[in-house]
Amino acid sequence: MKLRKQVTVCGGAIFCVAVFSLYLMLDRVQHDPARRQNGGNFPRSQISVLQNRIEQLEQLLEENHQIISHIKDSVMELTDTGAVSPSGHLPFRSANGSWVLPFDGRPSFVAVKSQDCQVAVDNHGQSDLQMLDVYSLLKFDNLDGGVWKQGFDITYEPEEWDKEPLQVFVVPHSHNDPGWIKTFDKYFLEQTQHILNNMVLKLGEDPRRRFIWSEISYFSKWWEGADKQKREVTRKLVKSGQLEIVTGGWVMTDEANAHYFAMLDQLIEGHQWLETNLGVKPQSGWAIDPFGHSATMAYLLKKANLTSMLIQRVHYSIKKHFASTRSLEFMWRQSWDKSSDSDIFCHMMPFYSYDVPHTCGPDPKVCCQFDFKRLPGGRVNCPWKVPPKAVVEANVEERANLLLDQYRKKSKLFRSKVLLVPLGDDFRYDMALEWDQQFSNYQRLFDYMNAHPQMHVKAQFGTLSEYFSAVYKAGGVAQGARPADFPVLSGDFFAYADREDHYWTGYFTSRPFYKSLDRVLESHLRGAEILYSLALGHARHAAMEGRYPVADYALLVDARRTVALFQHHDAITGTAKENVVVDYGARLLRSLIGLKRVIINAAHFLVMKNKEFYRFYQTEPFLETVRVNPSPPPPPPRYLVLYNPVEQERLCAVSVLVNTAHVRVLTEDGQTLPVQVSAQWASPIQMTLLCGPQATFMARLPALGLAVFHLYNMADSPMTLRSDTLLRLPGAGVSARAVDPLPVRSQQADPQPFFITTQSLTLGFSGTTGLLESIRLKDDPQEVKVQMHFLVYGTRPSKDKSGAYLFLPDGTAKPYVQKEPPVVRVEEGPLFSEVVSHFQHFQQTVRIHNVPGADGLSVELSTAVDIRDQTNKELAMRLVTDIQSGDVFHTDLNGFQMQARRQFLKLPLQANFYPMPSQALIQDSQHRLSLHSAQALGVASLESGQLEVILDRRLMQDDNRGLGQGLKDNKKTVNRFRLLLERRDTVKANEALNGAPAFPSLLGHLTGAVLNHEVLALPVLPKKRGVPQLQTFCPLREPLPCDFHLVNLRSVVSQVGLPSRLYLYLYIYFQDAFIQSDLDQTLDQTLDQIIDHSPDLRPDHRRELTLDQTLDQTTVHYMYIYIYVQQTLLSKATYNNYICQEKEEQTYISLSEK
């Protein structure tokens, strides 16, 4: 008490001295004799002097503020006697060996309305065609169909069109990949810019000509370099309907690996560019090259107000079946939609490819003769050895009848007498000659057909929307409505096979390093968008917009377009040339660095208690996210800002690296938090000396907010505990090397299983391998077998082998074996316990967290894979359980919805793999096991009770799909998962196995959210004059309900170049909303708009759920999330040195001795 009084008196004295000094300085300024003599007329030199004195005064005020702040910290530190936790208790171990932690007594439940989760019970959509049923029906026998090898012979009667002539729309197009064999920039320079330049010139020569364009990434780049005249001509072509922009996305996105956040964002980026520069909104979707098609894309296009869409790459047996039943055009409905609200009209191209030989009709030998780029003397010819002929008066009749025969045969596959004939291929029309060849010859054919009524055909160039409009008109329905007797379909179109048993299921995993990096960038982009929008809104409200770095908006735009570009169907898929992948990687890294800057600048402004002291210096960041070079320890305390990008409050454990094991962590108001100190390891048996230990502490973080913490280096506290570490060594000759003061025990491994436990979970492990064997939930007497196995696939010895696209295994997987048993490290503590198994080609980490709520009920898996010394091998992780799932399992589509799958023995092994962007699950009447993934990978369930994931692929050869390379540029990659086991108490036994749509529980949604949106730790950099006073930033009056997900807060630039509007994308599970508002409107006001539109969603109508709820009683909706923060460590600004996936690096904080 005496010491406290002395410090208080001393602090008060310092304060008085500082205030008196400021008074004297002000007095001197006011009584300056020179000023009196000049009578108020100041020379420039004296104005400069006065300005300098004012700046000095501001500096003195800030220094005075720092002095008071340090006094407060010192008093806080001295008065924090005994290091008592918020609840007044210390951590202790219970009778079963698990740790019990002190908490602040706030309840571990969230409010949710009871009806919210009933949507999963009722919403099973009705459709004529369910793709799972179609798969069950088909034989997949691949019979020879004649000229249409994968189809059948098509016949017709000549008089069929006598009453209603055939309408033919020939749609010229050019498919431009934003990176594949060449980089994006090289394609543009060598080909794309010439296509668009020719387009402006050649379309203007004849108003009957048409052209469609899809990729806005290329179009915007061309637009930047186009002169005023070209831009004006382009606008006229769009307005007149000669040029149509289809889909309007930044790229033609992949639909298997892409997350819906990125699919939506690239669509928004393209559409906003079109609205700003051309004033148009796309009407029709065009997806001719993605390797399979997802129902999520159909949903997004429908919500973007497109009325129709086209797809191409679908399994050849499905195309044949749909063609035989004239079901190639259908209304695509979401599997969970009981109404027709999600319906969108879809056209499926019937033949092998989108090139000219496979689009005019069933016989490619004939159709190739009407690809006039292949005229003799050119660089491209027809593989069928019959070249095209230029159309002249002498042969026009014969040519027209030959082509019309193909048109008629193709039209027999559809229900209307309107026919679509695409005319193009990859990077077509880059030469003016091709424009002349194609348009002139086809126009002669059209003129002849149209001039002879006995042919009963009207042929013309058209756009995609002109074709769809004609279909609707023929059916007598409005734009986008369902024509009579057209079928309704639900489901998706994975997996894709283009011939024989060549299934395109390898690309679900190819180059997993970049798939993982993409998701890291997506999470940072969302976090940066939200913080920037909030900071800019607050800056405008405080009239400080001129001091805030609004130029960060350019970094956001760059990152948006990088994420958008990487969703291209040869980028995130891992199917581009190695040099193109390097280019993608460099773009991803550059944007990630820029986003970190946006985040720290926004966080700096928002946590300042007194915004008057806010100063932005480009060369002196206030916060850091990357530790490049170690620096001398600064004086205590160190301040740490934590950013929670999730829209619910989180009680979480945050891990940072410190330079001492004697660390204490205090909240903003001086409460000491529990801390677990654990070692970092340089090898399986040796602790590292290069960096300090890891400190993990408890933190409660506001929804979408920033919280401030103090870290001290001081004597041991009863709230700071060290991990208990045991090394299970394979032989007696191996010993462990510890680093003081972090001891380690070791013992020789034995075959007996061992266990780690928390208050919610008990995990069993193999005594030999250290791999997971069982999971038991709290208060559940039944232990569930969950055995983890690692396996290896080879590739076929024949000429057709696995490559970037194809998965062609040499049979079933073989167990992974190595000569020596692995070293297994077991680490237990009050906040987390983990088991790490070190194998030659991978390191498997299984961690459980001793926290209440969602995080404490799931198992964190981390697999660091390195197969760079392998040849034609694919590493798989298989979970073997006693769950009776039969042949049914579920995978997610783009992180947006779940799709039922069935394992078909009639199909080859590779056909039973599906994309898993974020989740897969198996279930029976008693349990559900969900595997949540932080990166897109391929998944299968080859036997009842199993889930199998392909982790990485190393393949030495091309698979003959145009790439010309194998997959030999592997990187050490950390694949991250969450494993969630849930009880199912009220489900009927047959309900789990009938293939009905499954829906993630809200606990599952929260588990996926914390895995994909980690807490960001932002240490405050030491300042010479001290750190100004900081405070927690809470943007919401109350957290959003747990069944709401804020997709994004997106600032949009105005005509004057500054962000002017805020677009909010909100995803309510099974609902959605879009609101735009002014930036000076608060986030609460914006959210209130949505709640006002949806009265049933108001938080005050929700009831409370306690911790004992089970899965089918709306599940456990816990709010408190633990996050293991992974921060990027960069040594050089190149993606090759981007090692966040190579090694788990955390935020590093250096503390000096107290």
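**Strands, helices and buried residues**

Mentor: Let's start with a strand pair: V835 stands opposite V846 in β35. This is a predicted model, where local features need pLDDT of at least 70, side-chain atom pairs count only at pLDDT 80 or more, and totals for chains, interfaces and linings use all residues. Residues are numbered from 1 along each chain as its sequence is written, and side-chain values use heavy atoms, with hydrogens and water left out.

Trainee: Over how many bridges do β34 and β35 pair?

Mentor: Helices (H or I, at least four residues) and strands (E, at least two) are DSSP runs, numbered from the N terminus. Two strands pair if DSSP finds at least two bridges between them. Strand β34 covers residues 832-838 and β35 covers 842-849; their pairing is antiparallel, and the count is 7 bridges.

Trainee: Which are the edge strands of the open sheet of 11 strands?

Mentor: The strand order is β27-β26-β33-β34-β35-β36-β45-β42-β41-β38-β39, with mixed pairing. An edge strand pairs on one side only, and here that applies to β27 (745-748) and β39 (897-902).

Trainee: What angle does the direction of α19 make with that of β45?

Mentor: Axes are lines fitted to C-alpha atoms, for helices over the stretch in contact, and angles run from 0 to 180 degrees between N-to-C directions. Contact means heavy atoms within 4.5 Å. Helix α19 (residues 1002-1012) packs on the sheet and touches β36, β42 and β45; with the direction of β45 its own makes about 165°.

Trainee: Which residues of α8 are buried?

Mentor: Buried means under 20% relative accessible area, exposed over 50%, and partly exposed in between (1.4 Å probe, protein chains only). Helix α8 spans residues 228-240, and its face turned away from the buried side carries the exposed K228, Q229, K236 and K239. The buried residues are T234, L237 and V238.

Trainee: Why do the buried residues of α8 line one face of the helix?

Mentor: An α-helix has 3.6 residues a turn, so residues three or four places apart point the same way. The arc is that of the directions from the helix axis to the C-beta atoms. Seen down the axis of α8, the buried residues line one face because they fall within an arc of 95°.

Trainee: How many residues of β17 are buried?

Mentor: On one side of β17 sit R638, L640 and L642, and on the other Y639, V641 and Y643, with both faces covered. Strand β17 takes in residues 638-643, and the buried count is 6 of 6.

Trainee: What is the relative accessible area of L642?

Mentor: L642 lies in strand β17. Among the residues it touches, not counting those up to four places away in sequence, are V654, F697, F709 and L1016. L642 is buried, and its relative accessible area is 0%.

Trainee: Which residues does T296 touch?

Mentor: T296 belongs to helix α10 (residues 295-303) and is buried, with a relative accessible area of 0%. Leaving out residues up to four places away in sequence, T296 touches Y260, L893, N894, F896 and Q897.

Key. The expected span of a helix is 1.5 Å times one less than its number of residues.
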